[in-house]
Amino acid sequence: MGAGAALHGVARRLPWPLPALLAWSACWAAFAALAACGAPAVLAFAAAALVGVAAAAQARSTARRALLAGGFPVSLAASGLAGTLAAWAWLLPLVALALVYPVTAWRDAPLFPTPGGALRGLGRRARLRPGAAVLDVGCGLGHGLVELAREYPHARLTGVEWSPLLALITRLRCRFAHVRRGDMWEGDWSGFDLVYAFQRPESAARLVAKASAELRPGAWLVSLEFELPAFTPAHAMTCADGRPLWLYRAPFEVTTPRG
């Protein structure tokens with residue numbers, strides 16, 4: 001697990017508002033370090049704001065995303081140092097947030113990095129032939145692709161991400177995979193042997209509909225943490241951190257409603 005993923009995991013386990021205090025401290029540390037190196041105030045502000053936006057993109061509620069992204073700019077304004085910035089610089093956090101988390105993707109999951117080791121053992125349960133095609137829908141910063149590459153070292157990995165900034169970062173980080181910027185709901189899934197998703201419950205109906213329509217017999221649909229109630233799982237695993245991992249195989253067995 002990388003240092004960034006480890007820090008994220010620690011922050012997610014801390015009681016609120018400690019994650020916010022940690023994020024704001026990181027923003028101020030970035031701002032102070034760049035200022036000490038003689039960087040222009042606008043550049044230091046932009047870098048620090050981006051740190052806050054990155055933390056905000058991983059929060060699970062709109063209110064917490066606003067607090068994490070806005071904490072540093074507000075505290076900077078209160079400190080009296082804001083006078084060194086041009087007025088337009090205050091738009092930078094909004095621009096950064098739009099790049100990381102585009103408005104058109106708000107109906108899907110925010111940035112939910114796949115925890116290190118979360119997919120360990122998947123390759124033994126959902127066996128794939130060498131050269132199989134694997135898709136990570138909403139691949140974010142590539143944490144899921146890294147896990148999938150460990151489980152399926154001989155597979156052809158593809159990641160799709162709507163955020164242009166995250167897609168670019170993941171493309172540079174995960175050179176072993178084909179990463180493209182696009183809408184996960186528009187691409188054709190029929191050519192993939194396994195589709196991996198770490199979305200939120202609100203996306204379950206769309207996952208079910210698309211997988212039912214496009215995944216060929218024998219293909220796998222894997223959902224981390226969130227069960228798809230419409231399908232009967234072929235397997236259910238428990239990850240190292242206690243999260244459930246749900247495995248479904250086409251043709252999917254539809255769950256009979258209770259009552």
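This is a short chat about a predicted protein model.

Student: How many helices and strands are in the protein?
Tutor: The protein has 9 helices and 7 strands.

Student: What share of the residues is buried?
Tutor: Of the 259 residues, 46% are buried.

Student: Back inside. Which residues touch the most other members of the largest nonpolar core?
Tutor: Leu122, Leu148, Leu194, Tyr196, Leu245 and Leu247. That core has 25 residues.

Student: Take Leu194. What is Leu194 in contact with, leaving aside neighbours within four places in sequence?
Tutor: Its partners are Ala126, Leu128, Ala133, Val134, Leu135, Leu148, Tyr152, Trp220 and Val222.

Student: What other core lies apart from the largest one?
Tutor: Another core has 23 residues. Phe192, Val195, Ala204 and Phe231 are among them.

Student: New topic: helix α9. Which of its residues are buried?
Tutor: Helix α9 covers residues 204-214. Ala204, Leu207, Val208, Lys210 and Ala211 are buried.

Student: What do those buried residues pack against?
Tutor: The buried residues of α9 pack against β4 and β5.

Student: Last one. What share of contacts with a separation of 6 or more joins residues 24 or more positions apart?
Tutor: Such pairs account for 63% of those contacts.

Key:
Residues numbered from 1 in each chain as written. Predicted model: local features only at pLDDT ≥ 70, side-chain atom pairs only at ≥ 80, totals over all residues. Heavy atoms only, no water. Core = buried A, V, L, I, M, F, W, Y, C linked by side-chain atoms within 4.5 Å. Buried < 20%, exposed > 50% of the residue type's maximum accessible area, 1.4 Å probe, protein only. Contact = heavy atoms within 4.5 Å. Helix = DSSP H or I, 4+ residues; strand = E, 2+ residues; numbered from the N terminus.
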